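Welcome, and thanks for taking a look. Here is a short tour of charged pairs and one surface patch.

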Amino acid sequence: MTVVLTILAFAGLIVFHELGHFLLARATGMRVETFAVGFGPTLLSRTYGETKYALCAVPLGGYVKISGMDPTEEDAKDDPRSYLNKTPLQRILVILAGPVFNYILAAVIFAIVLLAGPMEPDFSKAVIGDVLAGDPAATAGVLKGDRIVGVDEVEISDWASFQAAVYARAEVPSKLRIDREGEQLTLDVTPKKTLVDGQEVGLIGVVPKGKRGQGKPLGDALLGGVLLTWDWNVRIVSGLYKIIRGKEEANFQGPVGIVDTTAKAAAEGMIPLLILVAIISVHLGLFNLLPIPALDGGRLVFLGWEVVSRRPVNARVELAVHAVGFLLLIGLMIVVTIGDIGRLWGSPEPEAPAAVEDTQGAEAAP
């Protein structure tokens, strides 16, 4: 199920991007020849009106073929509904629609997360929400979802009593009594001595299970979705600027890395998956606006030149520039993918980024 959700999420982002191009092309009267979901050999296809809708074998993405997008198409030059024969403004709107749809999708997803409500620690029970790797609890064998019922002779009823018992046992070998799906277990653990608020206390490295808090009203959630989309856009631009200035190292992910990170988020639940999908959607929208040949931003540069100079760029020159840009992007993708595979083979698993909520408070962790 996790793999299916990952593929659907990754493919859905690109298909939604292409849907933006498709709808604006139709709205401006352009002839759309093909709307394909996926790449490679066609598995299923149906033609409705003048457009062929296809499902292809490789479910990672999609594409829209608009008449005249390839300036060398001879038949399109005489077609009043081709991309070539539309005004520069209409063509700009069609190109912009893909990235804009990614931003809209991100804002809607963030709004859904805000409507659902933030995760907050559930202190009413002593149920483990997460176990910190390398800490005493992990070493002892404590697992996510365990309910603590006792520490030595102390009976535990809620998180506060559990925290107090662990705090008082710094460097003292103790026995955790645990209910694990109805099975009673006893684990040996020695809380490590740690300074908290100026006092030496015991910690074992666990945080409480979260519960879903009250969501925002619809209007506030929609506004919050827009603001979070803008915030992430600013973060990404700031990060790119720091990379260009050499203040940060580039840490790009290709399809392999993105799918792996998405799969980890999906394994954590629907809300973490939605947050990550929204963040990737912002990345996809912004990346496509960069003035790089073969991307939407590269096409916008040529259209901008046409508006300023009042004459189109030579069709074959533009096609050659986009072809070179496409080859460079493929080369970059191969390099990044090799790096992804290297990191996955020899490095610890990265955590999916958090965007909207803190799922459990570290300050509450004994």
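Is R147 buried or exposed, or partly exposed? R147 is partly exposed, with a relative accessible area of 36%; buried means under 20%, exposed over 50% and partly exposed in between, using a 1.4 Å probe and protein chains only.

## About the model

This is a predicted model, where local features need pLDDT of at least 70 and side-chain atom pairs count only at pLDDT 80 or more, while totals for chains, interfaces and linings use all residues. Residues are numbered from 1 along each chain as its sequence is written, and side-chain values use heavy atoms, leaving out hydrogens and water.

## Salt bridges

There are 15 salt bridges in the structure, each a side-chain nitrogen of Lys or Arg within 4 Å of a carboxyl oxygen of Asp or Glu. R147 pairs with D179, their closest N and O atoms being 3.4 Å apart. This pair links distant parts of the chain, with D179 in strand β7 (residues 174-180) and R147 in strand β5 (residues 147-151); strands are DSSP E runs of at least two residues, and helices H or I runs of at least four, numbered from the N terminus. D179 is buried, at 15% relative accessible area.

E33 and K65 also meet, at 2.6 Å from N to O. Because E33 sits in strand β1 and K65 in strand β2, their bridge ties together parts 32 residues apart in sequence. A network of salt bridges links R31, E50, D79 and R81.
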